[in-house]
Amino acid sequence: MSDVAEQVTNPMGPGRTDLGPSERVFRRDETSAVLRLSEAEAAVLAGGADDPPTGDVADQRMILNMGPSHPSTHGVLRLMLEMEGEAILRSKPVIGYLHTGMEKTAENLTYLQGPTNVTRMDYAAPLFSELAFSLAVEQLLGLEVPTRATWIRMLMCELNRVSSHLLFQATNGMDLGAVSMMIYGWREREEVLRFFEKVTGLRMNHNYIRPGGVAADLPDGWQADVRRLLELIPPRLDEYDTLLTGQPIFRGRLQGVGVITPAEALALSATGPILRSTGYAWDLRRDQPYLAYDEVEFDVIVGTHGDSFDRYAIRQNEIRESLRIVEQILDLMPAGDYRVQDKKVTPPPRARIDESMEALIHHFKIFTEGFHVPQGETYAAVESPRGELGCYLVSDGGPKPYRMHIRGPSFVNLQTLPHLMEGGLIADGVAVISSVDPIMGEVDR
Amino acid sequence: MTDPAAVGADTDEAAGGPTGPTAWGVPVTESFGQVVLHPPVDRWFETVAACRDDGYVMAIDLTAVDYSAHPGRTDLPEGVGAERFEVVASLLSHATGGRLRLRTQVPESNPEVASLFDLYPGTEAMEREAWDLVGVAFSGHPDHTRILMPEDWEGHPLRRDVSMGRIPVQFRDAPPAR
């Protein structure tokens, strides 16, 4: 553990202080990689049928729209690309196509209904948004959840990390033309989702982690299901390695593509695999442990070059680390209650309602008015598969959040995109988008 | 989540302000073990710059809150007057693992804050979002445009005086309810 303490003080590892250059992300003029062009300005540049664009004919630059409906943009990401031939000069992610005002919606839902809302943000890793929200609410309430609830949350989140990274492997393969990988990735992810369905009732959008604990205890025989996953997935990961990791074409598409330095990643607030791909070891699970991550052993996977291949390899190995954590959880899962028995926060057991008038009243109050949360503001962060997912919560003492803000890692990480694509080819742009792995539900919220 | 001991050292060093504890020359409070600084809006940029120089290498989050429907909040230190808007930034130091939250009061009459782009380029999208949704302007921002709402949208949806909005559903051709 001693070298862990040393790494906390220096995430680059002992003795390494060079974070590389970062000047290029600070540029604000037209030499910047970010194409800071509004819709209206672009329309003027494009002109109309009777108003063709004028200017220097020798200037071969053009502005190309990619998306929002494009198979490689993972949903509805739209990119404005300034191209010269095949090369990308500047670019700008145009987002908001999936904006549904979820932060506004949260102000009109009770704290108990909150997880149903946030779970729809990062739909590939829904449990993490629920967890961040629940942790924030519990901080405001001063609530201590039972140990079993904490460990169930950890189990589910780590399996969710596996399913999310498997989804990445699938779509990353698809974007690069390795279509077989798409089938395999989705297939293995489905195995994990089947377990989720058994536990939460749903494949996605679980609303399982709630303030006060989790919605239901793990079903009988859950150990056998988890053990089956632990036996099933590692050999498949080895198959992916055979299929992709060592393959020259695959490596050629990813290595040296979309390079970022640690200093640039820090300046751009990038977290998760993007930051770690630069060799910067920062993982909230290890460095600011929440739940019970300080009681399990795992390694933080880092890269060296900060390129797309490192980001691929990190996610591949993070699946293995997550499975390692899950294996330990199997042995360490404590007995006990799956949610806190606080009548003001969690509904009473069904049987109590028939016997006790107070239980009936509490049940009724929780589901109509909701429970009141003391005044205050707090920020809770968890390490989602895409980086730091934070929930900033302000309460005015009422039963609904006064303000709920989600710090979505996809939203922030998307800012690295223009810098990663700068000077590259448009075909590499697809590899870069894929390696950033944005989930548009979380970007737009 | 924060390591209060690491930040506490700074607090003691800079203590001695007239109205309670200070850090980096601005009032400091604690919220659930998290350190919260309250710089005045005209010292927003320089306070963040001082924090960055002290090892807070990353601006994790930046958002804005409209407090118009919750005027009587009690979590502000003495000497900090509540205003309608508040810009909230979270900084992270990897060396100490410490987190800082900076909250500045922004008056309704002049909802403008200095952009942090030159310190942390990663705040570019977050500031655009705060402008788009809450309507706090950021002076010196390189691309001060809407980000989530359409470019020609009027208003700022996360302000409390903007209603949720409902479209009445009229089932004109639907058969009458049985």
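Q: How many bridges join strand E2 (residues 78-84) of chain A to E3(A)?
A: Seven bridges join E2(A) to E3(A), and the two strands run antiparallel. Two strands pair if DSSP finds at least two bridges between them, so the seven bridges of E2(A) and E3(A) count as pairing. Within this pair, A:Arg78 stands opposite A:Val94 in E3(A). Strands (E, at least two residues) and helices (H or I, at least four) are DSSP runs, numbered from the N terminus.

This is a predicted model in which local features need pLDDT of at least 70 and side-chain atom pairs count only at pLDDT 80 or more, while totals for chains, interfaces and linings use all residues. Residues are numbered from 1 along each chain as its sequence is written, and chains are lettered from A and ligands numbered from 1 in the order in which they are written.

Q: What makes strand E1 (61-66) and strand E3 (87-94) of chain A stand at the edges?
A: The open sheet has three strands in the order E1-E2-E3 (chain A), with antiparallel pairing. E1(A) and E3(A) each have a single partner strand, so one side of each has no neighbour in the sheet.

Q: Why are H8(A) and H9(A) called roughly antiparallel?
A: Helix H8 (residues 179-200) and helix H9 (residues 222-245) of chain A pack at an angle of about 170 degrees, with axes 11 Å apart. Axes are lines fitted to C-alpha atoms, for helices over the stretch in contact, and angles run from 0 to 180 degrees between N-to-C directions. Angles over 145 degrees count as roughly antiparallel, under 35 as roughly parallel, 65 to 115 as roughly perpendicular and the rest as oblique. H8(A) and H9(A) are therefore roughly antiparallel. Their contact includes A:Tyr184 and A:Phe195 of H8(A) and A:Leu229 and A:Tyr240 of H9(A).

Q: Why does helix H3 (residues 39-46) of chain A lie largely in the open?
A: A residue is buried if 20 or more other C-beta atoms lie within 10 Å of its own, exposed if 12 or fewer, and partly exposed in between, with C-beta atoms placed from the backbone. Of the eight residues of H3(A), the number buried is zero, so H3(A) lies largely in the open. Just after H3(A), A:Gly47 takes a positive phi of about 70 degrees.

Q: What are the edge strands of chain B?
A: Six strands form an open sheet in the order E1-E2-E3-E6-E5-E4 (chain B), with mixed pairing. Strand E1 (22-23) and strand E4 (58-66) of chain B are the edge strands, since each pairs on one side only. Strand E5 (residues 85-92) and strand E6 (residues 99-106) of chain B pair in the antiparallel sense over eight bridges, and B:Leu92 stands opposite B:Arg99 in E6(B).

Q: How many residues of chain A are in contact with chain B?
A: Two residues are in contact if their C-beta atoms, placed from the backbone, lie within 7 Å. By that criterion, 45 residues of chain A are in contact with 38 residues of chain B. Strand E6 (residues 376-384) of chain A gives the most to the chain A side, with six residues.

Q: Where in chain B does pLDDT stay under 50?
A: pLDDT is the predictor's confidence in each residue, from 0 to 100. The value stays under 50 over residues 1-6 of chain B and is below 50 over residues 8-18. Where pLDDT is low, the predicted coordinates should not be read in detail. The mean pLDDT of chain B is 82, and 83% of its residues reach 70 or more.
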